[in-house]
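Student: I would like to learn how to read the features of a structure that is new to me. May we go through them in turn?

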Amino acid sequence: MGGERRAGTTRRTPERTVAYAACGVVLLAGCASMPDSGDLRGVESTPRQDTQVRVFAMPPRDDAPPQEIVQGFLEALTSDDPGYATARQYLATKTAQKWQPERSTTVLADGPATETVPAGSREDGDDYSYVLTGTKVATVDAQQSYSPASGNYGQTVHLTRDKKTRQWRIDALPSGVVMGKSDFQRNYVSVNKYYFASNTTADGSGQPMAVADPVYVRERVDPMTQMVRSVLTGPTSWLRHVVRSSFPTGTALPKGVTSLTPDDQNKLTVPLNDKAAHIGQSKCDEMAAQLLFSLQSLTPTIDEIALRAGGTQLCALTEDRAAAVAARGSESNPGYLYFIDGQHRLVRMTSGSGNTRAEPVPGALGDGAKALRSVAVARDEHSAAGVALDGKALYVTSTVTGSSIGDPVLQSKGKTETDRLTTPSWDAQGDLWVADRDPDDPRLLLLAKGGGQPLEVLTPGLDGRINAVRVAADGVRIALVVDKGGRQSLLIGRIERGERGEQGERGPGSGAQASAQVSVQELRSATPELEQVRTMSWAGDSRLVVVGREAGGVEQAQYVQCDGSIPEAGTLPGLTEVTSIAASEDSDTPLFATSKDGLLWLPGGSGWRTLKETASVAFYPG
């Protein structure tokens, strides 16, 4: 997944540093000292370690008091024990059998603190209780899907002393796993698993469009096998309404297969049960592409996937052939970077060539006849949509020499510039999206192939006014900057396309077009910690780059995941007075921005550099 990996380095606490020095790098958590008496302290989150270091816990010692049992259990949850076998040793026998750690992971700002429950808690008795407390940051559900969370956490842990062995064990505890944020960042990694858009294809190719479904897996507990099982299980509940899997229902790894390892040629052979035994070649290629794309987000060195079932090879797919099977936004490779120059014309530079010479875009938007406020270029780079300088009118034209601008395809009745049209955005099907911010009639609109009668997009659950629109390359996700009460948030929604129950039931239009229905469902925040979002752009299959600020903080540019988590190296060098930021789903494409200093470029490993002194908006196709 490369640049879409998680973020977060943490400081090493003095207490843990001593444990590391005394114990070495193999038994890190287990060698941390356990208290023999006194109050139970909170579990301090383990600092980040080298990815090759494995952390194991130690089992409970004989006659350990209740506080040591709870402490040891919480430490064991942060270890790299594959099945939490050591953590289960801190539980009573029946509790260990029923406990399901894979059901959820609760992430707290710090390691869970503990409070003794006074009533009935006596070490000279046979019962003891503690309450685990903290501030919630996120949860990861049984589907491995991440969701930001907030509020207080408080769950009870009850211990009992076995009447025969006289050993304390936990017999009641919260479901799932709980740990601090830095332990979560050390233990888990964000990866994309891939499915195919149900009713969209890559523009003009007829290929299925691959859609990233971000999940979290335990980084040092056979993550490759975790990924394969997760892909076979199917998409997460948020995405499943708009994607499909090529794997037949019930496809799984055969019983007895516990680990998968590539050979010395970076080829991974995946055995499947009989559900996949009789598939055709094209379906098999799609299945292999799903696994190849997914595993490359975890381990880019995987070059080939082979699928087997019933003792025979079904198909094999190399990285080169996968590009012919399905399209991905991260492989889009835009030809040009576009921006509006000081004369309010649309100009472009060759993307990634090192040549900074800009030239007007052929056609009406580049000749200066119409002063432009914002523009979007279609993903095939053959068409463009421009909003006039006053924000009232939207024009669509081709990027061919001699093309005319024609009449506007859409006009806003907003009384001020900030109450009119947003920057438009093109999806993978060649349809055009734009929001009208008119307070008397705020709408999200879709123009099929950039023209015709605008279709009002349903937005159930939207609370606020849309300030910016950006459709993902996969065509099934949309990013919206939404203003509510002066706070701007980045929300990610799921695009659903269907038919109306009754012709003309909602919105403008008539005839065949009126029967179409498009909606944006289940909007969720990608920037829960930001109070203001100035601008944003997709910067990967599940990643965006955002310019915004936290409450009381300064404005900064950073990467965020569409699920609301923060990837590794999330923060970018500082920027001031940013007006736009340009990124592509292709992570190899350079990052650009515009500010009071003009058009800026971010070379790898250095700060922003000014390329052009005058530019108001920069963007890649889309």
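**Cores, a disulfide and a helix**

Tutor: In the largest nonpolar core, which has 65 residues, the members that touch the most others are L272, I305, L307, L490 and L544. The most residues in this core, 9, come from helix α8 (residues 281-298). A second, separate core has 34 residues, among them I69, A96, Y130 and V157.

Tutor: This is a predicted model, in which local features need pLDDT of at least 70 and side-chain atom pairs pLDDT 80 or more, while totals for chains, interfaces and linings use all residues. Residues are numbered from 1 along each chain as its sequence is written, and side-chain values use heavy atoms, with hydrogens and water left out.

Student: What is a nonpolar core?

Tutor: A nonpolar core is a set of buried Ala, Val, Leu, Ile, Met, Phe, Trp, Tyr and Cys residues joined through side-chain atoms within 4.5 Å. Buried means under 20% relative accessible area (1.4 Å probe, protein chains only), exposed over 50%, and partly exposed in between.

Student: Which residues form a disulfide?

Tutor: A disulfide is a pair of cysteine sulfur atoms within 2.5 Å. Here C284 and C315 form one, with their sulfur atoms 2.0 Å apart. C284 lies in helix α8 and C315 in strand β13 (residues 312-318), so the pair ties together parts 31 residues apart in sequence. Both cysteines, C284 and C315, are buried.

Student: Why is helix α7 largely enclosed by the rest of the structure?

Tutor: Helices (H or I, at least four residues) and strands (E, at least two) are DSSP runs, numbered from the N terminus. In helix α7 (residues 223-233), 9 of the 11 residues are buried, so the helix is largely enclosed. The buried residues include P223, M227 and L232.
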